[in-house]
Amino acid sequence: MAAVLRIEDVHKSFGGLRALWEVNLDVEEGRVHAIIGPNGAGKSTLLNCLIGRLTPDRGTVTFEGRPLIGRKPHEINQMGIARVFQTPEIFEELTLLENLMIPAMAKRDGAFRLNAWRRVTRRGELMEEAEHILEEVGLAEQRHRVSAALSRGDKRRLELAMCLIQHPKLLLLDEPTAGMSRADTNNTIDLLKRIGEKGITKVIIEHDMHVVFSLADTISVLARGTFIAHGKPDEIRNDPKVQEAYLGGVEA
Amino acid sequence: MFGKTARQDWIFLAIFAAFVLSMPVTLAPIGAGYPDLLQKFAIYGLFAIGFNILFGLTGYLSFGHAAFLGVGSYAAVWVFKLLTVNAVPAVIFAVLVAGLFAAAIGYVSLRRAGIYFSILTLAFAQMSYNLAYSVLTPLTNGETGLQVQLLAQGPVTDYINQDVRILDQWLGVKEVGVPSPSLFGIEMSGWPGFYFAAVMLIAGMFIAQRIFRSSFGMMLRAIKSNQTRLNYTGVNPRPYLLAAFVISGMYAGLAGALLAVIDPLAGAERMQWTASGEVVLMTILGGVGTLLGPFLGAALIKYAENIFSAINEKILHATFAWLPDGLQNAVVEIAGLFVGKGWHLTLGLLFMLIVIFLPGGLMEGFERLMRLFRRRGGAHAEREG
Ligand SMILES: Nc1ncnc2c1ncn2[C@@H]1O[C@H](COP(=O)(O)OP(=O)(O)OP(=O)(O)O)[C@@H](O)[C@H]1O
Ligand SMILES: [Mg+2]
């Protein structure tokens, strides 16, 4: 299998703090690749380096063979990379449907298109798809509500839906189930499994080991800014180095 | 955004058009049924509607939009001087020039957001204002202002004081004295001037409505709501913002051109920061981000200005004549602060009251009233049932 996403020798410091150090990672096409590690290990920082929010001090990142570093966030998204943030980033003042229409239009129209005359209709392909995806994540009944009114878990699911409507090639998920009830977490696992069948490559950051072991094909362990282990779930579960650095007290 | 159907939008537009065109009659009882004031309602309404496309949808607060109003006026008067006194070319040219000017200022100002954006626009507008009085006097005629003049007899040495009106001359239009702007022969002052502005206002409202309901409009709202999310959703906000800025600048240019059509004199005071601030007040008073609000805000401010600035000490004394002498003088003294030249004090008070009690402006007030009525209606039905 080919690596769609290749991270080579990435370094990032904030002042004196080494957030990432000699980070190397290959993510294979169509796989679910989990990144785990203690708080402050640098997991979110790594994602930020992929999507153009941060520029690494050193190193290269390529997606389908094309370099990502130096590109603007919207360009990276247009290449087929979507991200769910650790704290949900949604359009709080807009309704759920509108929240979904915007990424759908961005996918259809590209980074900019001056379409100031045609009405956004209730019927139409994009709207149908938006309704369908809301159905799929279980938010259809709230479609006309303003998204600020949603619970934290629902906001997360909305953000996930906003990424899914773009049919990304690579989906980056930063703790997609944090703040969700057990039942909602299981629903999200099912949803992510289902969209996995469509061949979307996923990188998932998660503290919840139940989620990690249900979904991941491969796991990488990040500790203090660098990867200390890569492997299949079973290998990681039994790796003494990992247990020492991270799994210590957590039942897996 | 999907709350309104196309049908509801057409109904809204029809009612709006009917109201605007009938203002000479419907607003007569409140003393507003004369052309000078109603022209202002229409022109400043347009200015505010355009301003709201930027401020209401994207949340970017420009403090320099009067610059585009001024540029529109100058551009229109130049067309009157050089080409023709017909209003149509002047309006078109003014809108284009204001749009170009807005593109330049917007391109630089939109590199920053929030308060820094506001300050940049303010700085540019003040620069324009000062330039109009200094370096650019060959274009603006400085403090005297730019006016329509008599046709040049013989070779032109001074385009400020000698007009050519190439197009009119070529068409063989006879001029007696200094001509006034017209629309294919109809002179654009008084009522015809109002109806011309009113038609522009209705067209402006129609375009604003299209923008509000379009995917462009939706992107502008998304910018206001969460620019970070929009970036990572594959959208480049900058060209959307620039487009909104230019469109609102063109509305301002149109308003400026109409001011010149009705009274062909352009002066730099139209570009002053107080004029930029006024359109902000109008928009907030009426209701930011609503279609109708900015027009209502503009009309309210122009109406209040008309009333309060006309009151003088004599009128006050007459009003309070029933009070004992000493008290009467004191009351007149205090009330005098709020009228005439001091009417801005009244405006400030009005603004404070609205922002504190009705942060959504007049439109929020109407909505609350509607809800109240509906609840009353509901209670009635229950009691009866
Ligand atoms: N913009 C920033 N400026 C300065 N320091 C930062 C910045 N972003 C992250 N850091 C620091 O870098 C380190 C790694 O942070 P990061 O958010 O990547 O951790 P994480 O693995 O995602 O943790 P968590 O599991 O808590 O989300 C932390 O010490 C954090 O304080
Ligand atoms: Mg994190």
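Residues are numbered from 1 along each chain as its sequence is written, chains are lettered from A and ligands numbered from 1 in the order in which they are written, and side-chain values use heavy atoms, with hydrogens and water left out. In this predicted model, local features need pLDDT of at least 70 and side-chain atom pairs count only at pLDDT 80 or more, while totals for chains, interfaces and linings use all residues.

Around ligand 1 there are 13 residues, of which A:Asn39, A:Lys43, A:Ser44, A:Thr45 and A:Gln86 come nearest; a residue is near the ligand if one of its heavy atoms lies within 4 Å of it. Polar contacts are pairs of N or O atoms within 3.5 Å. An N or O atom in the side chain of A:Thr45 lies 2.5 Å from an oxygen atom of ligand 1. Backbone atoms also take part: an N or O atom of A:Gly40 is 2.9 Å from a ligand oxygen, and a polar backbone atom of A:Ala41 is 3.2 Å from one. The protein buries 61% of the 630 Å² that ligand 1 exposes when taken alone (Shrake-Rupley method, 1.4 Å probe). The largest contribution, three residues, comes from α1(A). The shell has four nonpolar, seven polar and two charged residues (Ala, Val, Leu, Ile, Met, Phe, Trp, Tyr, Cys and Pro are nonpolar; Asp, Glu, Lys and Arg are charged; the others, Gly among them, are polar).

Volumes are the space filled by probe spheres set on the points, which are joined across faces, edges and corners.

The second largest pocket holds about 510 Å³. Its lining comprises 19 residues, with B:Thr274, B:Ala275, B:Glu278, B:Lys302 and B:His344 nearest the centre. Seven residues come from α12(B), which gives the most. The lining divides into nine nonpolar, four polar and six charged residues.

One cavity of 30 Å³ or more was found in the whole structure. Residues lining the largest cavity include A:Ile51, A:Pro73 and B:Tyr232.

Notes:
On a 1 Å grid over the protein atoms alone, a cavity is a set of points where a 1.4 Å probe fits but cannot get out, and a pocket is an open set with protein on both sides within 12 Å along at least five of seven lines; lining residues have an atom within 4 Å of a point. Helices (H or I, at least four residues) and strands (E, at least two) are DSSP runs, numbered from the N terminus. A polar contact is a pair of N or O atoms within 3.5 Å; within protein, one must be able to donate a hydrogen and the other to accept it, and residues adjacent in sequence count only if both atoms are side-chain atoms.
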